Each structure stands twice: as C-alpha cells, then as structure tokens.
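Good morning, everyone, and thank you for making the time. I would like to take you slowly through one protein model, so please have a look at it before I go on.

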Amino acid sequence: MNLLVTGAWKSALECIDAIKYRGHSVVYLQHEQDEVPSKYSWVEGVIGNRIFLTHPIERFTHLKFVQLTGAGYDHIPMSYIKKNNIKIYNARGVYSIPMAEYAVCGTLQLYKKMCYFYKNRVSHKWDKNRNLQELDGKNVAIVGCGSVGTECAKRFRAFGCNIMGVDIVKVDGNYFNSTFLIDSLDDLLEIIDVLILTVPLTSKTHWLINEYELKKMKSDAIIINISRGGVINTNALIQALDRLGGAVLDVFEEEPLEVTSPLWTKENVIITPHNSFVGENNEKRLAKLIMDNLDLTIQAEENHEYE
C-alpha cells in the first residue's frame, strides 16, 4: 500500500523502516498543513490526525485506509469515509490508561483538599483539615463505557466504589457494578458522587450536562470531564460550582480557556490544558496499534475484502 505518514505520529520516523519491511511504500509529511510530497492519487493510506482539515479528503482518489493518531472522529468527514468504504481506525486504547489515572488523581485532589494544603505549605501554615472525604463506597457514574471508561472503572472499583456505566448502547463489562442507557442518566444524578464524562462529542452529547442536570446533582458531587468541552454547558457549570463539590476539567468549549474565565479562580476546580492523555507509554502503544491495523489491512487485501 502507498502510505502518507504525518508528523502527528510522533515516533513515525522510528517506525518507517518496519512499515516498509511489511511491503508498504511510504512518504512522510512532518506538518499536516504543508504540501503533500506526492500526488494525491498515489496515496492509498494515511496515518495522521487532522490532515483532512487542510487537504480535502476528496483529493485522495485512491484512499482506502486511514489510521488516526487521536481517539476522536469529530474532525473527520465520516459520511465520505462510509460512502466510499474506506477503512478507518482511531487510537482506541492508546491514551486510556493515563486518562483514567488522571480521573482518579483529580478526584483525590478534591476529596483530600490538596489545594488547601498547598496554600498552607506556601504560607508555612500548620493547620489540620477535618473535612476530607473517602472514595470508598462512593457512587461513580462513568458516561461512555469504551476503552477510557473501562480503564476508569477498573481503577475506581479498586477504591471500593460502586461503578455505574452509562452508554448509548447496553454494555456488558466486568468492571461495572451496573449499567444503564444514557436516557437514564437524569434519574441517576441525585445519587451520583462522581460523574466522569468520557463520551465523544456528537449532536446527541452536546451539552449533555446542562443547567437542568446540574441542578439535579448532589451538593457535594464532583464532575470530571476528559471527553470534549462541548459535553458540558460551561456557563451553567460556572453557576453550579458554588453548590457542587467541584470539577476536574481537562477540556473546554473554547481552547485555550480564556484568561478571564471565572473557572480559573474557583477553588474547587482543577484545570489542565487538554493534557490528561499524556503518558510515557503512549508511543509504544500507538506504534503497536498502527502495525497491527496495517497487518489487518494486508489480510483484508489478500482476502479481497476491498473488492
């Protein structure tokens, strides 16, 4: 297969020889917005992430394989992909472990009042806090039970939490104590202690958490958003945070978050710059995933599945 590999895959240059060894021809494009170093018609497969934002997919007239380096499909012309029977793979599972660890870390920071102790440390103040919480026995709802949601379930269950999985389809998972369809979310909000959002952003999940949902949540509940910013109505969340236990936010409706946003000054909010996916083993997992998917594609060609 003729492959266009982009710099969105950080360790691409280290793996090109292995790709060629599998029988593929490769051209490399460091920056996806730059000129493609081949004719569009030559390219049969693309390994990248946002290349179709600057190079319309219609130009790749012989395209049959796309491997994304990210998990989201929101910047991909999926209708064209499906219409033209193009095989597409995302980076499912690659970033799930660090994201799940981030969710645990953020929850514990709020429960154990680490911001309070950090301020005391800066001012050299020795002052105990008697209002710390435990994860044990808490109701944790994970909305989106894919790879990220499952890794979250594993870790929170180890802390003795009751794990409720919520998804658009019925889920069978050993790490969830119970599962529900997403239409049942509103009925669960009154008992949820920790709400973790790992769903993709679609027309159905845009503002999934709005003013109505926030008002139904417990006064000490925590929201963790590691999906997309548009899943939560930001203005409604800002208003609700004076009543809620707090929020751990890695994604926002507008990124970067405006310097004037009230979220910056909320003491019960942890803010990170779309950083939860970072982990030292990501590139190793991504390389294995890409190689496995290329092998699957070769097998499909041999079995004439593209015909």
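**Salt bridges, domains and a core**

Let me begin with helix 7 (residues 211–216), where E211 and K215 both lie, four residues apart, or about one turn of the helix; helices here are DSSP runs of H or I with at least four residues, strands are runs of E with at least two, and both are numbered from the N terminus. This is a predicted model, in which local features need pLDDT of at least 70 and side-chain atom pairs count only at pLDDT 80 or more, while totals for chains, interfaces and linings use all residues. Residues are numbered from 1 along each chain as its sequence is written, and side-chain values use heavy atoms, leaving out hydrogens and water.

The side chains of E211 and K215 form a salt bridge, at 3.2 Å from N to O, where the term means a side-chain nitrogen of Lys or Arg within 4 Å of a carboxyl oxygen of Asp or Glu. E211 is partly exposed at 46% relative accessible area, whereas K215, at 60%, counts as exposed; buried means under 20%, exposed over 50%, and partly exposed in between, with a 1.4 Å probe and protein chains only.

Salt bridges that share partners also join E151, K154 and R155 into one network. In it, E151 meets K154 at 3.1 Å, N to O, and R155 at 2.7 Å between the closest N and O atoms. E151 is buried, with 14% relative accessibility, while K154, at 30%, is partly exposed.

Now to the domains, whose bounds come from an automatic or database domain assignment: the chain is divided into domain 1 (2–91 + 280–305) and domain 2 (95–271). How many salt bridges are there between domain 1 and domain 2? The count is one, and D74 forms a salt bridge with R228, with the closest N and O atoms 3.6 Å apart.

Finally, consider the largest nonpolar core, which has 47 residues; such a core is a set of buried Ala, Val, Leu, Ile, Met, Phe, Trp, Tyr and Cys residues joined through side-chain atoms within 4.5 Å. W9, C152, F156, I196, I226 and L294 touch the most other members, and helix 3 gives the most to this core, with seven residues. Why does this core lie between domain 1 and domain 2? Both domains give residues to it, so it lies between them.
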